Amino acid sequence: MGLVGGGEGGCFVGGVRSLIRRKQVDSAHSNPSSAAATSHNQLAKALTVPHLVAIGVGSTIGAGVYILVGTVAREHSGPALTFSFLIAGIAAALSAFCYAELASRCPSAGSAYHYSYICVGEGVAWLIGWALILEYTIGGSAVARGISPNLATLFGGPDSLPAFVARHTIPGLDVVVDPCAAILVFVVTGLLCVGIKESTMVQGFVTTANVCAMIFIIVAGGYLGFKTGWPGYELPVGYFPYGVDGMLVGASTVFFAFIGFDSVASTAEEVKNPQRDLPMGIGFALSICCSLYMLVSAVIVGLVPYYAMDPDTPISSAFASHGIKWAAYIITVGACTALCSTLMGSLLPQPRILMAMARDGLLPSFFSDVNKHTQVPVKSTVTTGLLAGTLAFFMDVEQLSGMVSVGTLLAFTMVAISVLILRYVPPDEVPLPSSFQAAIDSVSQRLSESSSSTDINVENTKVPVVSFDDATPLLDGVPVTHPRVEKAAVRFSFFIDQRRKVAGWTIMFTCIGVFMLTSATSIRSLPDPMRFTLCGIGGLFLLSGLIVLTCIDQDDARHKFGHTGGFTCPFVPLLPIACILINSYLLINIGGATWMRVSLWLALGVCVYAFYGRTHSSLQNAVYVPATHVDEIYQSSASLA
C-alpha cells in the first residue's frame with residue numbers, strides 16, 4: 001500500500017473535526033524543530049519551590065477568609081467551622097493532585113487550557129481558555145476594588161485617603177470610580193513586566209506579611225482562648241448546631257477560599273525543574289493554606305459564640321470583645337497584604353493563557369511575543385493590566401465575582417477528565433506540521449515497500465492515520481515479517497483498540513452520570529418522580545463507570561506521555577471521578593444569574609473561535625501520524641534537510 005488521499009469534506013464536517021483535533025504534548029523526546037519555542041523567545045527558567053509556594057499561598061489566601069469565618073460560622077457550621085475548612089481542603093486537594101500530574105507531565109504555559117487541548121480537543125480547550133480569561137480579569141478587578149476600603153480603614157476611616165486616590169461618584173451617572181484600585185493594578189502590571197523572578201520575590205514578601213498577621217491571630221487568639229476558657233465551645237447546642245448537613249454546606253462555601261493554587265500550574269514553563277518542583281509547590285501551598293485556615297477558624301469560633309460573631313469583621317471584633325482593640329490594625333494590615341498578593345496572583349496567569357492560545361494560532365500572534373530582555377510576555381501582560389485596571393476604575397465588579405468561580409470550577413473539572421483520558425486513552429496520534437510532508441512521504445514509501453515485499457495480506461495489518469486535512473497523504477502501513485507474528489499482532493491490536501473504545505465510552509458515560517446526578521440533587525423545581533429517576537440513572541452510570549475503569553487496565557502509552565519521572569496522581573480512577581463529582585455539584589449550585597452572564601461570555605467566545613480561531617489554528621493543516629512512527633519521521637526529516 002502506498003499513499004492515499006481523501007475527497008473534500010463539507011464545511012460542517014470540517015468544523016466538527018476542528019473541535020476534536022488535539023495538539024502534541026511536549027516531551028523530553030520531542031523534536032526541537034517542531035517545538036513552538038523555535039519561533040518565540042523563551043520564558044525565563046527562574047522559579048524554584050519557594051517561588052511556587054509564594055505564588056500559590058499568595059494567590060489563595062485572600063481577604064475573604066477574614067470575612068468567611070464569621071459568615072459561615074453564623075449561618076452554616078457553628079463551632080464545626082474547622083471541619084468545614086478541612087473537608088473543603090480535602091476536596092481542593094483532589095483537584096491539586098490532578099493538576100500536579102498534568103503540570104509535571106506537560107510543563108508548558110496555559111494550565112488547564114493546555115491540558116484540555118492535549119487530552120480532549122481544540123473546542124473544549126478554547127472554551128476553557130476563554131473562561132479563564134474572564135476569571136482572571138474579573139478576579140483581578142474585584143480584588144483591586146477591595147483594597148481601597150481596607151487602606152482607608154487602616155489610615156483612620158472611609159474618608160481618610162487622599163482625594164486623588166479616594167473613591168468618587170460621577171455626577172449624573174451614578175458610577176463610583178476607584179483611582180486607588182486602578183493605580184494598584186497598573187503598579188502590579190509594571191512589576192510583572194520586570195521579570196517573573198523579581199515579581200515573585202515581591203509577592204513572597206507581601207505573602208509573608210499576610211501569613212505573619214494570621215500567625216498573630218492564631219497565637220494571640222490561642223492565648224486569649226486558654227485564658228478565658230474558650231467560651232465559644234461551651235454551648236448547650238453542642239459542636240454541630242446546624243447538624244452535619246450545615247457543616248457540609250459550610251464546606252462548599254469555604255471551598256472557594258482554596259481557589260488560587262492553580263496559578264502555580266500557569267507558571268510551569270518558567271520552572272527550573274518542573275517534574276519535581278511543580279507538584280511540591282502545589283502541595284506545599286495547599287497544605288499551608290489549609291493549616292492556616294483551620295487554625296484561624298478554630299481560634300475565632302472558640303473566642304466568641306458563633307451566633308454573636310460580627311459577619312463583617314469577625315476576627316477584629318472577636319479580639320475587641322476581649323479588650324484588644326489595637327489588634328484590628330494588625331488584622332487590617334493582613335487583609336491589605338492578602339488582597340495585594342491575591343491581585344498579583346490574579347494578574348500573573350492571564351498573560352500566559354493569552355500567550356499559549358496565541359502560540360496555537362487561536363488568538364493573534366501579538367499576544368505570543370516574549371520580551372527578549374525580561375523574558376516575560378510583556379504585550380499580553382500590559383493588555384491584561386489595562387483591561388483589569390479599566391474595569392477596576394469604572395465598575396463595581398462585586399456582582400460579577402461569581403463568574404470567577406465558574407471559570408475555576410470548569411477548569412478543575414476538565415483537568416480531572418484529562419487525567420482519566422491520559423491514563424486510559426492517551427492520544428496515539430501526533431500532529432505534525434505540513435513542513436514534514438516530505439519526511440512523511442519518505443517513511444510511508446519505505447513502509448509500503450517493506451509491506452509489499454512479504455506474502456502477508458497488508459489489509460489486515462493496516463494502521464489507520466487521521467488527518468483533518470482530507471487532501472493530505474497519510475501513512476497507512478506497517479512492516480510485518482512472518483504470518484504468525486502478523487496474526488498475533490492483529491489480535492493484540494484488536495484487543496488494545498477494543499480496550500481503548502470501552503475506556504473512552506466509559507469516561508463519557510461517567511461524566512454524563514455525574515451531570516445527571518448533580519442536576520437532580522440540586523434543582524429543587526424538578527418533580528420528585530423525575531428527580532428520583534435522574535438520580536437513579538445518573539448514579540448507575542457513575543457507579544458502573546467507576547467499576548469498569550477500575551477493572552480494565554490503564555493504557556501502557558501513558559508511561560511515554562509527555563515528560564516522565566514526575567508526580568503520579570494516586571487512586572485513579574476514584575480520585576478524578578470524585579473531583580469531577582464535587583466540582584460539578586458546585587457548578588450546578590451557582591446562581592442562575594451568574595450562569596446567564598457566563599453563558600453570554602462563552603457565546604461571544606464561540607463567535608470569536610468560529611470566525612478567527614478555527615481558521616487560524618496551527619493545526620489547520622496538520623498531518624496526524626501514529627505516535628510509533630514519529631521518531632522515524634523526525635530522523636527522515638533530519639536526513640532530508
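A residue is termed buried under 20% relative accessible area, exposed over 50% and partly exposed in between, with a 1.4 Å probe and protein chains only. The model described here is predicted, so that local features are reported at pLDDT of at least 70 and side-chain atom pairs only at pLDDT 80 or more, while totals for chains, interfaces and linings use all residues. Residues are numbered from 1 along each chain as its sequence is written, and side-chain values use heavy atoms, with hydrogens and water left out.

By these criteria, Q375 is partly exposed, because its relative accessible area is 31%. This residue sits in the loop between α14 (349-359) and α15 (378-394). Although Q375 is not a glycine, its phi is positive, at about 60°. S111 likewise is not a glycine and has a positive phi, of about 55°. S111 is located in the loop between α4 and α5. With a relative accessible area of 2%, S111 is classed as buried. A further backbone feature is the cis peptide bond from V572 to P573, with omega near 15°. P573 belongs to the loop between α19 (528-551) and α20 (574-588).

The protein chain contains 22 helices and 4 strands. These elements are DSSP runs numbered from the N terminus, with helices being H or I of at least four residues and strands E of at least two. Of the 641 residues in the protein chain, 53% are buried. The accessible surface of the chain is about 27300 Å², and carbon and sulfur atoms account for 67% of this area. Accessible areas come from the Shrake-Rupley method with a 1.4 Å probe, and for residues only the protein chains shown count as cover. Contacts, defined by heavy atoms within 4.5 Å, were also examined by sequence separation. Among contacts between residues at least 6 apart in sequence, 86% join residues at least 24 apart.

Two helix pairs involving α16 were characterised. Two packed helices are described by the angle between their axes and the distance between the axes. Axes are lines fitted to C-alpha atoms, for helices over the stretch in contact, and angles run from 0 to 180 degrees between N-to-C directions. Helix α5 (residues 112-119) packs with helix α16 (residues 402-424) at an angle of about 35°, the axes being 9 Å apart. On the α5 side the contact involves A112, Y115, S116 and C119, and on the α16 side A411, M414, V415, S418 and I421. By class, 7 of these residues are nonpolar, 2 are polar and none is charged. Here Ala, Val, Leu, Ile, Met, Phe, Trp, Tyr, Cys and Pro count as nonpolar, Asp, Glu, Lys and Arg as charged, and the others, Gly among them, as polar.

Helix α6 (residues 122-154) packs with α16 at an angle of about 145°, with 8 Å between the axes. α6 also passes α16 in a left-handed crossing. The α6 residues in this contact are V124, I128, A131, L132, L134, E135, I138 and G139, and those of α16 are M403, V404, G407, T408, L410, A411 and M414. The contact of α6 with α16 comprises 11 nonpolar, 3 polar and 1 charged residues.

S95 lies in helix α4 (residues 81-105). S95 counts as buried because its relative accessibility is 1%. Residues up to four places away in sequence not counted, S95 touches F261, F412, C579 and N583. The side chains of S95 and N583 form a polar contact of 3.4 Å, a term used for a pair of N or O atoms within 3.5 Å; within protein, one must be able to donate a hydrogen and the other to accept it, and residues adjacent in sequence count only if both atoms are side-chain atoms.

T521 is part of helix α18 (residues 483-522) and, at 32% relative accessibility, is partly exposed. A polar atom of the T521 side chain lies 3.0 Å from the backbone oxygen of L517, and a polar atom of that side chain lies 3.1 Å from the backbone oxygen of T518. Beyond neighbours within four places in sequence, T521 contacts R531, C535 and Y585. T521 and R531 are 10 residues apart in sequence, with a C-alpha to C-alpha distance of 7.2 Å. R531 is in helix α19 and is buried, with a relative accessible area of 12%. Neighbours within four places in sequence again left aside, R531 is in contact with A520, T521, I523, R524, S525 and L526.

Note on methods: A crossing is left-handed if the near helix is turned anticlockwise from the far one by less than a right angle, and right-handed if clockwise.
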